[in-house]
Amino acid sequence: MGEQLGQLKIIVVQGKRLVIRDFKSSDPYVVLKLGNQTAKTKVINSCLNPVWNEELNFTLTQPLGVLNLEVFDKDLLKSDDKMGNAFLNLQPLVSAARLRDILGVSSGETTLRKVIPDNENCLVRESSINCVNGEVVQNVWLRLRGVESGEVELTIKLVKNVAK
């Protein structure tokens, strides 16, 4: 395990237009993975536009990993169905935290960086990384891969100093 950079607080906010995996709906939940750390949300029954608003915590270490996200449909009698996956490169977030430290930003709200959709992420639209009262925060919409439709909204907060 490498050098510890801080805590990542990831709020799984909501999903939109998720795919149907049961007869008329799905019972979705989200699994997040960062390195060897895994966390999952609660199951939302019979919903294709679920609202979780659930915070999951990870320890961020060097070397930086990629945040992987998978959505599943909970099934009682068989294995859970896949409802898509996405990933997010965390390097822009960590770079923005270093910039915050260099600039000495600690109060108010300042935009540190913008990240545009490309093949290094699954972003639906441009995402800003902001410093909000000393915390580095990024709100993202990720497009699910391997399925016909679906997006998941996350709010990511990097807590603790990243410089050094």
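Me: Which residues are linked with Lys16 in a network of salt bridges?

Reply: Arg17 and Glu151 are linked with Lys16 in that network. Bear in mind that this is a predicted model, where local features need pLDDT of at least 70, side-chain atom pairs count only at pLDDT 80 or more, and totals for chains, interfaces and linings use all residues. Residues are numbered from 1 along each chain as its sequence is written, and side-chain values use heavy atoms, leaving out hydrogens and water.

Me: Why is the pair of glutamate 55 and lysine 9 called a salt bridge?

Reply: A salt bridge needs a side-chain nitrogen of Lys or Arg within 4 Å of a carboxyl oxygen of Asp or Glu. The closest N and O atoms of glutamate 55 and lysine 9 are 3.8 Å apart, so the pair meets that definition. It links distant parts of the chain, 46 residues apart: glutamate 55 lies in strand β4 (residues 51–61) and lysine 9 in strand β1 (residues 4–16). Strands here are DSSP runs of E, at least two residues, numbered from the N terminus.

Me: What makes arginine 100 buried or exposed?

Reply: Buried means under 20% relative accessible area, exposed over 50%, and partly exposed in between (1.4 Å probe, protein chains only). Arginine 100 has 5% relative accessibility, so it counts as buried. Its salt-bridge partner is aspartate 101, with the closest N and O atoms 2.9 Å apart. Aspartate 101, at 24%, is partly exposed.

Me: How many salt bridges does a search of the whole structure find?

Reply: The search finds 9.

Conventions. Helices (H or I, at least four residues) and strands (E, at least two) are DSSP runs, numbered from the N terminus.
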